[in-house]
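Please open the model in a viewer and keep the selection panel at hand.

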Amino acid sequence: MQIQGIYATLATASMDRAEKFYTQLFDREPDDRPMEGLIQWRNVAGANIQIFYDREKAGSGRLTIVVPKMDEARRSLEGVGAKLTGETEGDYGRIAQLADPDGNRITLAEPPSKPFDS
């Protein structure tokens, strides 16, 4: 099988609300709207993200975003009204979470400052 691309997808109950949130999160408008009820961002740090309208599944998704500096990400998110919660730190770095307007869980992960020895 030859693979041309992979998209992570999250469901929303409100396309308008989700588009506003993810436009602020990714700091850019969606790249396209391939069909009714679907918006997508391509090459967000190498990943492709789709948001699709599905009221029944909205809020049950998960997305992990790797950030170079958690403190900078926190300040940026606070600037758009989002708040990180549940911050923890371990051998593999730091993580914290936030939710999109539907309740989809977004985990931010900051890698450790030095490589992990196995």
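Helices (H or I, at least four residues) and strands (E, at least two) are DSSP runs, numbered from the N terminus. Colour the chain by these elements: the order along the sequence is β-α-β-β-β-β-α-β-β-β, with 2 helices and 8 strands in total.

This is a predicted model, in which local features need pLDDT of at least 70, side-chain atom pairs count only at pLDDT 80 or more, and totals for chains, interfaces and linings use all residues. Residues are numbered from 1 along each chain as its sequence is written, and side-chain values use heavy atoms, with hydrogens and water left out.

Next, select Tyr22, Ile51, Leu84, Leu98, Ile106 and Leu108. These have the most contacts inside the largest nonpolar core, which has 21 residues. Such a core is a set of buried Ala, Val, Leu, Ile, Met, Phe, Trp, Tyr and Cys residues joined through side-chain atoms within 4.5 Å; buried means under 20% relative accessible area, with a 1.4 Å probe and protein chains only. Among the elements giving two or more residues to this core are helix 2 (70-79) and strand 7 (93-99), while helix 1 gives the most, with 5 residues.

Centre on Ile106. Beyond residues up to four places away in sequence, Ile106 touches (heavy atoms within 4.5 Å) several residues, including Phe21, Tyr22, Leu25, Leu63 and Leu98.

Finally, move to Asn48 in strand 4. Is Asn48 buried or exposed? Asn48 counts as buried because its relative accessibility is 17%. Its side chain reaches the backbone nitrogen of Asn43 at 2.9 Å.

Key:
Buried means under 20% relative accessible area, exposed over 50%, partly exposed in between (1.4 Å probe, protein chains only). A polar contact is a pair of N or O atoms within 3.5 Å; within protein, one must be able to donate a hydrogen and the other to accept it, and residues adjacent in sequence count only if both atoms are side-chain atoms.
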